[in-house]
Amino acid sequence: MSTYALLFDQSLCIGCGACEQACQSEHEQPPHKPDKLDHESFTYVEDLGNEQYARHLCMSCENPTCVSVCPVGALEKNALGPVTWDGKKCIGCRYCMMACPFQIPTYEWRSPNPRVRKCDMCVHRVTKDLPTACASICPTGATNFGKRDAMLAEAHRRLEKYPNRYTGEVYGEKEAGGTGVLMLLSRSAAENDLPSNVPQHDMPHLTWTVLEKLPQIIPVWGAFLGGMYWLGNRKNAVASHEHHDHQEGGRDHE
Amino acid sequence: MSERKIPKLHFWSSFFVLLMVMLAFVLFKRYTQGIGSISNLNDSMPWGLWIGFDLLCGVALGAGGFTVTAVVYIFHLEDYRPMARPAVLTAFLGYLMVIAALLVDLGRPWNIWHPLVFWNPHSVMFEVGWCVMLYTTVLFLEFIPLVFERLGYNKQVHFMHKYLTPGLVIAGVLLSTMHQSSLGTLYVIVPEKLHPLWYSPILPILFFVSAITLGLAMTNVESFISFRALGKRLESNLLRGIGRATAVMLMIYLVIRIEDLIVHDSLKYAFRFDTASWFFLAEIIIGGIVPMVLLFQRRIRENKLALTGTQFLVVLGIIFNRMNVAVTAFQLGTGTDYRPHWMEFVVSMGMIAIGVFLFSLAARYLPVFVEEGPLGKSAGPKDPYAELS
C-alpha cells in the first residue's frame with residue numbers, strides 16, 4: 001500500500017500564506033507570518049522574488065533518518081505516511097535534528113520541558129481520511145494531497161505536459177531515498193533554499209552497515225581477548241609452578 | 001595559643017569555589033528557562049560544545065581505563081599494574097562527568113533511562129547509551145575494590161579480584177570498543193553535513209584507534225600531574241614504554257586517517273589554505289605528526305618533562321580532532337554560525353573541575369597509588385592479595 005504524500009507545484013503557488021495559517025490553527029499555534037521553520041511554524045512560504053514562492057515543511061521521508069537515529073523510538077513513520085514524535089519517549093538528545101538531511105525538526109529551546117517540533121502531516125486528520133490542513137485550504141491547487149503513487153504519476157504527467165515550467169525533476173522522488181513531499185520546482189533546489197546535496201539514497205543504511213557488523217566483530221574480539229588472558233595466565237601459572245618447584249625441590253609434587 | 005593557622009587561600013581552591021557558584025547559577029537557569037537560556041545552540045546547530053567536548057572528548061579521555069586494564073590483565077604486562085588503578089579511577093570519574101554533562105545537555109534528562117525500555121537497535125545513540133551505561137557499571141565494579149580495601153573488606157576484595165576482574169576487564173574492552181567507535185558512527189549518517197576533511201564512513205575505526213592513543217597519552221599526563229600535585233611516585237620506565245606505544249598507535253592512526261582521505265579523494269581540501277584546511281593541518285601536523293616524531297626520539301622519552309609535554313600535545317591533538325568533527329566540520333559543512341555561550345563553558349569547565357576534585361579526594365583517601373610492593377599490592381600487613389600469590 002502506498003503511503004500518502006503531498007505534491008507541491010511551485011508554478012501554481014501565489015504565496016498567499018493560507019497554508020501557513022491553516023497549519024497554525026490546526027496545531028493550535030498563535031497566528032503569525034513565519035520567516036523560517038521554528039517551534040511555532042511547521043510550514044513556511046518563502047518569497048523568492050519574481051512572484052515565485054518556496055514551501056518548507058517536513059518532507060516525511062519514506063525511510064526517515066530521524067526515525068532511524070532516535071535512540072528511544074520517539075519518532076515513528078506512520079503506515080499512512082506522516083512522521084510523528086512521541087513526547088512520552090523523547091529524551092531530548094536532538095540526534096534527529098542533527099541527522100535530518102532537510103534540517104526540519106526544531107526545538108523549544110526556551111522551555112524547561114522542551115518538545116521536538118515539526119510538521120506531522122496532520123496525522124490526526126490523515127488517520128480520519130482527511131487531507132492535510134494545508135492541502136485542503138490551498139486556493140490554487142499548488143499543494144495537493146493523495147497517495148504517493150498517484151502524486152508521483154501526476155508530477156511526471158505535469159513535467160511532460162509543461163516541460164518549460166519546471167526544472168525537469170521531481171524534488172523528493174529520490175532525495176534521501178524518496179520523500180512523502182514531492183515538489184515540482186521552477187527553480188533549482190538551492191534557489192528554493194532546499195538542500196541540494198541530499199544523497200539520492202536513504203540514509204539509515206549508512207549507520208546500519210556499521211552497526212550490523214557488531215554481532216560479528218564483538219564475539220570474535222571477545223574470544224581473542226579471553227584467549228589472550230588464558231594464554232598469559234597459563235604461562236604465569238607454569239612459570240610460578242616451576243619457580244615453586246625449583247625453590248621447594250619439587251616437594252609439592254608428592 | 002597565640003597563633004592560629006589561617007587556611008591559605010589557594011588560587012585553585014578559590015577558582016574552584018567561584019566556578020561552582022557560577023555552575024549553580026547556570027544550572028538553575030537551565031532547569032527553569034531551558035537550554036536556550038544558557039547556550040547558543042539553535043535549530044541548525046543542535047549539538048555544540050557539550051557534545052563535542054563533554055561527550056566526545058570526555059569518553060575518549062576515559063579510554064585510559066580500558067587500555068591500561070587490557071594491557072595489565074589481558075596481555076599480562078604486569079609492570080604496568082601500578083597504572084591500572086589511577087586509570088580506572090580516571091575513567092570512572094570521567095564517565096560520571098560525561099553522564100552529569102548529559103543531564104545538562106539532554107532536553108528531558110529525567111528520561112535518560114528510556115533506552116533501557118524503549119528500544120531502537122537501528123540507532124547509534126541507542127547503542128552508545130547502553131554501552132556507556134554498562135561500561136560505567138563495569139568501571140564502578142572495577143573501582144569499588146579500592147573502597148573495600150580501604151574499609152578492610154579483604155575477603156570481598158580477594159573474591160572480586162579472583163573471580164570478577166578478568167571478566168570485567170574483558171567486558172570493559174568490548175563495551176569500549178563498541179561505544180568509542182560508535183561516537184564516530186554517530187556522524188556517519190550526515191555525509192552531506194560534515195566537511196569532507198572530517199567525514200568518513202570509517203569514522204568508527206578512526207575514533208577507536210585515536211581513543212586508544214589518547215588513553216595511553218592521558219595515562220602519562222595524569223601520572224605526571226599526580227606526581228607534581230600529589231607527590232605520587234613517577235614510574236619513569238613505564239612512562240617510556242607508554243611513550244613508545246603511543247608513538248606506534250599514533251602512527252597507525254595517522255596512516256589510516258591520511259589513507260582514508262586519499263581513498264575518498266578528500267586530501268585536496270587540505271591544501272586550499274582556507275579555514276577548513278588550516279584547522280585540518282593544525283590537527284594533523286601539530287597534534288599528530290609532530291608528537292609522533294618526537295615520541296620516536298629516545299632523547300624525548302628519556303626526559304620526563306619533554307615526554308609528558310609531548311604526550312600532552314597528543315591529548316590536545318585528539319581533543320582538537322573531536323571538536324573539529326563535532327563543531328568545525330559541521331559548521332563548515334552546513335554554513336551554520338555558532339560560538340559557544342560563556343555559560344556553556346561554565347558547564348564544561350565545571351564538570352572538569354568536579355572530576356579533578358573527586359580524583360584528588362580519591363587519591364587522598366583511597367589506595368589509588370601503590371607506593372611499594374610488587375604487582376600493585378599494597379604494602380603493609382593488610383595485604384588483601386596475599387592469598388593470591
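Predicted model: local features only at pLDDT ≥ 70, side-chain atom pairs only at ≥ 80, totals over all residues.

Residues are numbered from 1 along each chain as its sequence is written, and chains are lettered from A and ligands numbered from 1 in the order in which they are written.

Chain A, then. It has 8 helices and 10 strands; these are DSSP runs, with helices being H or I of at least four residues and strands being E of at least two, numbered from the N terminus. Along the principal axes, the C-alpha atoms of chain A fill a box of roughly 100 × 45 × 35 Å. The radius of gyration of chain A is 28 Å, whereas a compact globule of 254 residues would have one near 18 Å. That radius is taken over C-alpha atoms, and the globule rule is 2.2 Å times the number of residues to the power 0.38.

How much of chain A is buried? Of its 254 residues, 43% count as buried. Buried means that 20 or more other C-beta atoms lie within 10 Å of the residue's own; exposed means 12 or fewer, partly exposed is in between, and the C-beta atoms are placed from the backbone. As for contacts in chain A between residues at least 6 apart in sequence, 60% join residues at least 24 apart. Two residues are in contact if their C-beta atoms, placed from the backbone, lie within 7 Å.

Now some single residues. Pro82(A) sits in the loop between β4 (75–77) and β5 (83–85) of chain A. It counts as buried because it has 23 C-beta neighbours inside 10 Å. If we leave aside neighbours within four places in sequence, Pro82(A) touches Ser60(A), Asp120(A), Met121(A), Val123(A) and Val126(A).

Is Ser60(A) buried or exposed? It counts as buried, because it has 27 C-beta neighbours inside 10 Å. Its phi is near 45°, a positive value in a residue other than glycine. Most residues other than glycine have a negative phi. Arg94(A) also has a positive phi, near 65°. Arg94(A) lies in the loop between β5 and α3 (95–99) of chain A, and with 23 other C-beta atoms within 10 Å it is buried.

Next, the contact between the chains. Here 47 residues of chain B are in contact with 50 residues of chain A. On the chain B side, the elements that give two or more residues are α1 (11–33), α3 (64–74), α5 (124–151) and α6 (154–185). Which of them gives the most? That is α6(B), with 7 residues. The chain B side divides into 26 nonpolar, 17 polar and 4 charged residues. In this scheme Ala, Val, Leu, Ile, Met, Phe, Trp, Tyr, Cys and Pro are nonpolar, Asp, Glu, Lys and Arg are charged, and the others, Gly among them, are polar.

Two packed helices are described by the angle between their axes and the distance between the axes. The axes are lines fitted to C-alpha atoms, for helices over the stretch in contact, and the angles run from 0 to 180 degrees between N-to-C directions. Under 35 degrees counts as roughly parallel, over 145 as roughly antiparallel, 65 to 115 as roughly perpendicular, and the rest as oblique.

Helix α9 (residues 275–295) and helix α11 (residues 304–334) of chain B pack at about 160°, with axes 9 Å apart. That makes α9(B) roughly antiparallel to α11(B). By class, their contact has 13 nonpolar, 8 polar and 1 charged residues.

Helix α7 (residues 203–230) of chain B also packs against α11(B), at an angle of about 140° and with the axes 8 Å apart. These two are therefore oblique to each other. The contact of α7(B) with α11(B) has 10 nonpolar, 6 polar and no charged residues.

The remaining pair is helix α4 (residues 81–105) and helix α12 (residues 342–365) of chain B, at about 150° and with axes 10 Å apart. α4(B) and α12(B) are therefore roughly antiparallel.

That is where I will stop.
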